[in-house]
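I open my notebook here to record what I looked up, entry by entry.

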Amino acid sequence: MTSSPLRHPARRGLRNARPAGVLALALSLLLMAGCAATPQIDEATLASVPRQALLDDVPFHGQRDYQCGPASLAMALEHAGVDAEVDALIPQVFLPDREGSVQPEMLATVRRHARIPFRIEGDMDALLTEIAAGHPVVVMQNLSLPAWPLWHYAVAIGYDLDAEEMILHSGEEPRRRESFRAFDATWARSDRWAFVALPAGELPAGARPGPATEAISDFERVQGPAAALPAWEALAERFPDAGMVHFALGNARHAAGDEAAAIDAFERAVARQPDLAAAWLNLGLAQEARGRSDAAAQALRRAAALSGRWQAQAEAALESLEERHDP
Amino acid sequence: MMKTICRYLSPLLIAALVLGSLPAMAAPAGSGLVSTQDALSAEQVRSDRERIHEVLARDDIRDQLVAQGVDPAEVEARVAALSDAEAAQMADQLDQLPAGASVVGALFAVFVILLVTDILGLTNVYPFTR
């Protein structure tokens, strides 16, 4: 390429055109990829997390073939106390024809192993906060450009704010260091999709009541209320003002057979959110089951007065209660 | 003989099937309390059509997973572990969902472009660029 035996005048023009072509290519690539800049980290986050963090206790499982999904899951689950082998996870999460694993099944597989998958907020602040709290984070990256995607799961286990580097168990490489800039550029292409897998009773450092309630409820549907009870207790402790959380806690306690504690939780729920008809209804039914018909009637009346999905059920329960007690 | 067996067996089978399908319909709390899952789904603003769609979605996914080469013995447990929202997402757009696989399905021409973007720090395809 550097020396050519024949020097045509025409090649001169070509040579001049080359830098322009490279420039045009680079510009178009920048447009395609979006301008990758070093991600900004919030002052509040910087004040609350250490300058460096590395979760030494996250085991590494190298991926084979296209198994970055099962390998990442094995690392996150093992850290959460599950004895999960990559070979056992492959038939549970891998899609042979796609030669990969899709996001919903990554979360579902965590549930199968009795751990709760919590999606975290898609920004560097949430990511660093979880790592600083000791939670390894499974991230999805597109290592390539949007036009020729190279989807990849990795486990973020550490960072260095001074070196501006993330530390990840990724592919076949343990403790791989990626600059914040390159990491964020590849992570952004999955809309910064990430989750932590935690045992029931542990919550993400950046948990918010709405999404966390959904996550635990989805877990409860698969693993049952007894398994979810510690998670509801923890969430109610973290967010004592969320009526819906106390309501869910009441249901789990009721399923565990602890009626007195269930009633206590339902009472907290309606105290915090007086328009939560389902909580009034459950409070009434639970009181009735304990033989407290006055308290039951009082709660059922509140439920029956609220229009919505549970009104008819509340009216029927109130009617049958009154029939039984005032013949 | 066969007839007598059938006469006793049929009601038993019917009862077993009906009982077996009950948990899917009944609230898990068991004593008529509103379940957390029902209360949450009632809170979300969704039409009945969407709810029905979510129920049917799981049947859809079973077929799709088998078509994608998943062991039929695993399909049931995989579908059961999905949340309603995840099931709907899988049923609607399994083909478009990104599948984490770490394999480049690109041509050689693309190799050169990705090499440049790797060096620019926009991508991370080739480990040797770091």
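Before the first entry I note what a helix is here: a DSSP run of at least four residues, with the runs numbered from the N terminus. I also keep in mind that this is a predicted model.

**Entry on helix H10 of chain A.** I looked up helix H10(A) and found that its 13 residues, 243–255, reach 19 Å from the first C-alpha to the last, which is close to the 18 Å expected at 1.5 Å a residue. I then asked myself how many residues of H10(A) are buried. The count is 13 of its 13 residues, and I wrote the helix down as mostly covered. Following H10(A) I came to Gly257(A), whose phi is positive and near 90°.

**Entry on Val93 of chain A.** Why does Val93(A) count as buried? It does so because 26 C-beta neighbours lie inside 10 Å, where the cut-off for a buried residue is 20 or more. Leaving aside neighbours within four places in sequence, I listed the contacts of Val93(A), among them Gly69(A), Pro70(A) and Leu73(A), and also Ser101(A), Glu105(A), Met106(A) and Thr109(A). I also checked Pro104(A), eleven residues from Val93(A) along the chain, and noted that their C-alpha atoms are separated by 9.5 Å.

**Entry on the domains of chain A.** I looked up the domain assignment of chain A, which gives domain 1 as 43–198 and domain 2 as 211–325. Taken over C-alpha atoms, the centres of these two domains are separated by 36 Å. The contact between them takes six residues from domain 1 and nine residues from domain 2. On the domain 1 side, strand E3 of chain A, residues 116–119, gives the most, with four residues. I recorded the residues of that side as four nonpolar, no polar and two charged.

**Entry on chains A and B.** How many residues does each chain bring to the contact between chain A and chain B? I found 63 residues from chain A and 47 residues from chain B. On the side of chain B, at least two residues each are supplied by helices H2 (36–43), H4 (72–80), H5 (84–93) and H6 (108–120), and likewise by strand E1 (99–100). That side of chain B divides into 27 nonpolar, 16 polar and four charged residues.

Note on methods
Residues numbered from 1 in each chain as written. Chains lettered and ligands numbered in written order. Predicted model: local features only at pLDDT ≥ 70, side-chain atom pairs only at ≥ 80, totals over all residues. Buried ≥ 20, exposed ≤ 12 C-beta atoms within 10 Å, placed from the backbone. Contact = placed C-beta atoms within 7 Å. Expected span 1.5 Å × (residues − 1). Domains from an automatic or database assignment. Nonpolar A, V, L, I, M, F, W, Y, C, P; charged D, E, K, R; others polar.
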